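The sequence and structure are shown first.

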Amino acid sequence: IPEVSMPRIARLLNNSESTIYHVMSRTALDGLPMGDREKEYLLNVIKRYSKLFFVDIIGFSLLDNHFHVLLKMHPGDLYSDEQIKERYTRFYEDDLNFKDEDIQYYRDRWYSLPVFMSEIKLRFTRFYNKSHNRRGFFWGGRYKSVIVDKGETLINCLAYIDLNPVRAHIVEKPEQYRWSS
């Protein structure tokens, strides 16, 4: 019997207003491959790209084999052309290659959750593979994301993320864990 492949289920994205997402991704590697050095690098990558993309990081937890990020994506039309150029120049430390005709491209790109996550996961994978002298995938497939309502749902989701290291018996209190919000 021939194998039938099912198409991917499209991600639920809200492209019309600021939206909060709980995003998570797990490594494809066995064991617990992310030590302090890797978590520090991943945190710096998330911070760096959150300054470029139209995103606010609300909460996060970076563990030894997966991570959670609670974030709010903002539509690109909330930003002026000048703000987009400023972000480009600050991030790339280059204003010579910026073209005004590319403003809409960056406006759309920096509002894209899939592009944001792709950049983070790709940068981290390159770092990890180079520092561990290996090749291939680091992450176990696509990231997962869920749209989070405001109010009590948001508070519960943030508590879930911050309590991850407690549930994993790494620390007794969330504030004792260095790699979480």
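R109 and E119 form a salt bridge in which the closest N and O atoms are 2.6 Å apart. The two partners come from distant parts of the chain, with R109 in helix α3 and E119 in helix α4 (residues 113-131), ten residues apart. R109 is partly exposed, at a relative accessible area of 23%. E119, at 14% relative accessibility, counts as buried, because the cut-off for buried is under 20%.

The model is a predicted one. In total, the structure holds five salt bridges.

| Pair | N to O distance |
|---|---|
| R109 and E119 | 2.6 Å |
| D81 and R107 | 2.8 Å |
| D64 and K39 | 2.6 Å |

Helix α3 also takes part in another of these pairs. The side chains of D81 and R107 meet in a salt bridge, at 2.8 Å from N to O. D81 lies in helix α2 (residues 81-92) and R107 in helix α3 (residues 103-109), so this bridge ties together parts that are 26 residues apart in sequence. What is the relative accessible area of D81, and is D81 buried or partly exposed? The value for D81 is 42%, and the residue is partly exposed. R107 is buried, with a relative accessible area of 12%.

The remaining pair in the table involves helix α1. The side chains of D64 and K39 meet at 2.6 Å, N to O. D64 sits in the loop between β2 (55-62) and β3 (66-73), whereas K39 belongs to helix α1 (residues 36-52); the pair links distant parts of the chain, 25 residues apart. K39 has 4% relative accessibility and therefore counts as buried, the cut-off being under 20%.

K39 is one of several buried residues in α1, among them E38, L42, L43, V45, I46, Y49, S50 and L52. Which elements do the buried residues of α1 pack against? Their partners are β2, β3, α2 and α4.

The length of α1 can be checked against its residue count. At 1.5 Å a residue, its 17 residues should span 24 Å, because the expected span is 1.5 Å times one less than the number of residues. The end C-alpha atoms of α1 are 25 Å apart, which agrees.

Conventions:
Residues numbered from 1 in each chain as written. Predicted model: local features only at pLDDT ≥ 70, side-chain atom pairs only at ≥ 80, totals over all residues. Heavy atoms only, no water. Salt bridge = Lys/Arg side-chain N within 4 Å of Asp/Glu carboxyl O. Helix = DSSP H or I, 4+ residues; strand = E, 2+ residues; numbered from the N terminus. Buried < 20%, exposed > 50% of the residue type's maximum accessible area, 1.4 Å probe, protein only. Contact = heavy atoms within 4.5 Å.
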